[in-house]
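Here is a short report on one protein model. Please keep the sequence and the 3D view at hand while reading.

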Amino acid sequence: MTEVTVSARIPREVEKEVEQLMREEHLEKSAALRKLLHLGLENYRLERALRGLGEGRFSLLKAAEEAHLNVWELLDEAARAHVAWVADDVLENVPPRRRR
């Protein structure tokens with residue numbers, strides 16, 4: 001993957017948290033910022049996918065693609081977030097999935 005340089009201004013409070021992460025995980029500042037950015041993007045993708053699924057804008061497959069997850073992982077996340085992606089009357093007829 002090609003890397004690019006990005007410059008951004010952040011609040012001092014955020015910088016202090018980045019420095020704490022650097023100490024805890026023995027990372028350089030750029031690695032700590034990349035990690036936080038990656039985690040933030042994962043969270044953003046998931047929230048966007050679940051919102052689109054819940055609003056009926058995304059199909060289950062499209063939401064999974066948007067979140068960069070497989071369908072089963074997205075279903076687990078939707079259940080955790082209490083996102084209804086089908087009508088309630090349809091869900092009443094579906095037995096719960098058994099865990100292995």
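This is a predicted model: local features need pLDDT of at least 70, side-chain atom pairs count only at pLDDT 80 or more; totals for chains, interfaces and linings use all residues.

Residues are numbered from 1 along each chain as its sequence is written, and side-chain values use heavy atoms, with hydrogens and water left out.

**Salt bridges**

How many salt bridges does a search of the whole structure find? The search finds six. A salt bridge here is a side-chain nitrogen of Lys or Arg within 4 Å of a carboxyl oxygen of Asp or Glu.

| Salt bridge | N to O distance |
|---|---|
| Lys-29 and Glu-15 | 3.5 Å |
| Glu-66 and Arg-48 | 2.3 Å |
| Glu-66 and Lys-62 | 2.8 Å |

Start with Lys-29 and Glu-15, which meet in a salt bridge. This pair links distant parts of the chain. Lys-29 sits in helix α2 (residues 29-54), Glu-15 in helix α1 (residues 12-25), and 14 residues separate them. Helices are DSSP runs of H or I with at least four residues, strands are runs of E with at least two, and both are numbered from the N terminus. Lys-29 is partly exposed at 38% relative accessibility. Glu-15 is partly exposed too, at 25%. Buried means under 20% relative accessible area, exposed over 50%, and partly exposed in between, with a 1.4 Å probe and protein chains only.

Next comes Glu-66, which forms a salt bridge with Arg-48. Glu-66 lies in helix α3 (residues 60-67) and Arg-48 in helix α2, so the pair ties together parts 18 residues apart in sequence. Arg-48 has a relative accessible area of 28% and is partly exposed. Glu-66 also forms a salt bridge with Lys-62. Both of these residues lie in helix α3, four residues apart, about one turn of the helix. Lys-62 is partly exposed at 35%.

**A nonpolar patch**

Ile-10, Val-14, Leu-33, Leu-36 and Leu-39 make a nonpolar surface patch of about 390 Å². Patches are made of residues with over 30% relative accessible area and no salt bridge, with like charges joined within 9 Å and nonpolar side chains (Val, Leu, Ile, Met, Phe, Trp, Tyr) within 5 Å. Areas come from the Shrake-Rupley method with a 1.4 Å probe, and for residues only the protein chains shown count as cover. Which element gives the largest share of the patch? Helix α2 does, with three residues. Ile-10 lies in the segment before α1. Ile-10 is partly exposed, at 43%.

**Two positive phi angles**

Most residues other than glycine have a negative phi. His-68 has a positive phi, near 60°. His-68 is in the loop between α3 and α4 (71-80), and is exposed at 56% relative accessibility. His-82 also has a positive phi, near 55°. The loop between α4 and α5 (88-91) holds His-82, which is exposed at 73%.
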